[in-house]
Amino acid sequence: MAFTRATGKHRRASRTARTTRNLAGIATLAASGVVASVASPALAATDESAPHDTGLQQAVVMGDELAGRIEAQADAQQAAAEATAARAKAEAEAVRLADAAKKRADEAKKKADEERAAKVRAAREAERKLLNTFVAPVTGSYVSTGYKASSGLWSSGSHTGIDFHAASGTSVHAVGAGTVVEAGWGGAYGNNIVLRMNDGTYTQYGHLSSIGVTVGQSVSRGEQIALSGNTGNTTGPHLHFEARTGPDYGSDIDPIAYLRAHGVSV
Ligand SMILES: [Zn+2]
């Protein structure tokens, strides 16, 4: 039998080598985990079956395994493609959400800016209105002699201001914010004060018993600047008040209209 065996060995030498190669190949596949379950039947068939059939069977097995691998690869590739698409979609969604958030933030900031600007405007308007809102020069008094009233008492023949009823020593207030341009004796006006108001107009206060400010001094709205009296050309104590477009005598305007235009009830 040894001779037969030798002959057989000689005849089947090439197949042995081929089987070895197949074993190696299947082992490689088995190592990859793809064909572990089918490796043993394939090997069992190689020893006693017809050599050519066995080779074909192995080729079929290999073909099936290859198809399986290709299918697995295709599945993996599709899964990867789907994962990529999902990732891209998620990224696009993230970008969209970020854009929306930024847009909301921008709109909120814009709204806040607008509200802040509106508050500033309102505050400035209120300040401007307050600056243009005067007070009466004598609190709780009334006009005893009107503007342009005729009398031999005045050199012009008519009254260049209005007289407020006021006992001597009554507080006299700056009707608005301004600067003292005159403070002292004013002839027929007696002791008098002239203020240049911040809006560029002038106001005059006459027949004072006491002057409390000096030229160049800034005064605020409602600030006490003097006490009323009976100095100068008068027939009794009162406050003579004039509104003027300039600092000098003769530039007088209607003081009632002037005070009313500045929110004072007279
Ligand atoms: Zn007067």
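In the predicted model, the residues that donate to the zinc ion follow the sequence spacing H-x3-D-x76-H. The donors from the protein are H159 through NE2, D163 through OD and H240 through ND1, at 1.9 to 2.2 Å from the zinc ion. H159 belongs to the loop between β1 and β2, whereas H240 belongs to strand β9 (residues 238-244), so this pair ties together parts of the chain that lie 81 residues apart in sequence. Both H159 and H240 are buried.

Strand β9, which contributes H240 to the site, is largely enclosed by the rest of the structure, because seven of its seven residues are buried. In a regular strand, side chains alternate between the two faces of the sheet. Both faces of β9 are covered: one side carries H238, H240, E242 and R244, the other carries L239, F241 and A243, and all of these residues are buried.

The pairing of β9 with other strands was examined next. β9 and β2 pair in the antiparallel sense over four bridges, with I162 standing opposite F241 of β9. An antiparallel pairing over five bridges joins β9 to β6, and here Q204 stands opposite E242 of β9. With strand β10 (residues 252-253), β9 forms an antiparallel pairing over two bridges; the bridge partner of A243 in β10 is I253.

The largest nonpolar core comprises 26 residues, of which I193, L195, Y205, I225 and L259 touch the most other members. At least two residues of this core come from each of β2, β5 (191-197), β6, β8 (224-228), β9 and α5 (255-261). For I193, the contacts beyond neighbours within four places in sequence are V180, E182, A183, T203, Q204, Y205, L208, I211, V213, I225 and A226. This list includes Y205 and I225, which are also among the core residues that touch the most other members.

Four aromatic pairs were found in a search of the whole structure. In one of them, Y205 and F241 adopt an edge-to-face arrangement, with a centre-to-centre distance of 5.4 Å and 65° between the planes. The pair links distant parts of the chain, since Y205 is in strand β6 and F241 is in strand β9, 36 residues apart. Y205 counts as buried because its relative accessibility is 0%, and F241 is likewise buried, with a relative accessible area of 0%. Ring pairs join F164, Y205 and F241 into a cluster.

H207 has a phi of about 65° and is placed in strand β6 (residues 202-211). With a relative accessibility of 5%, H207 counts as buried. K148 has a phi near 70° and is found in the loop between β1 (143-145) and β2 (162-165). In contrast to the buried H207, K148 counts as partly exposed, at 48% relative accessibility.

Side chains of opposite charge can pair when their charged atoms come close. E93 and R96 form a salt bridge in which the closest N and O atoms are 2.9 Å apart. These two residues are three positions apart in helix α4 (residues 51-131) and are therefore separated by about one helical turn. E93 is partly exposed at 35% relative accessibility, as is R96 at 46%.

A further salt bridge joins the side chains of D106 and K102, with an N to O distance of 3.0 Å. Because D106 and K102 are four residues apart in helix α4, about one helical turn separates them. D106 counts as partly exposed, with 41% relative accessibility, whereas K102 is exposed, with a relative accessible area of 53%. The side chains of E125 and R128 also meet in a salt bridge, at 3.1 Å from N to O, and these residues are three apart in helix α4, which again corresponds to a separation of about one helical turn. Both are partly exposed, E125 with a relative accessible area of 39% and R128 with 45%.

Methods: Residues numbered from 1 in each chain as written. Predicted model: local features only at pLDDT ≥ 70, side-chain atom pairs only at ≥ 80, totals over all residues. Heavy atoms only, no water. Buried < 20%, exposed > 50% of the residue type's maximum accessible area, 1.4 Å probe, protein only. Donors = N, O, S within 2.8 Å, 3.2 Å for Na, K, Ca; no water. Core = buried A, V, L, I, M, F, W, Y, C linked by side-chain atoms within 4.5 Å. Contact = heavy atoms within 4.5 Å. Phe/Tyr/Trp six-rings, centres within 6.5 Å; stacked < 30°, edge-to-face > 60°. Pairing = 2+ DSSP bridges. Salt bridge = Lys/Arg side-chain N within 4 Å of Asp/Glu carboxyl O.
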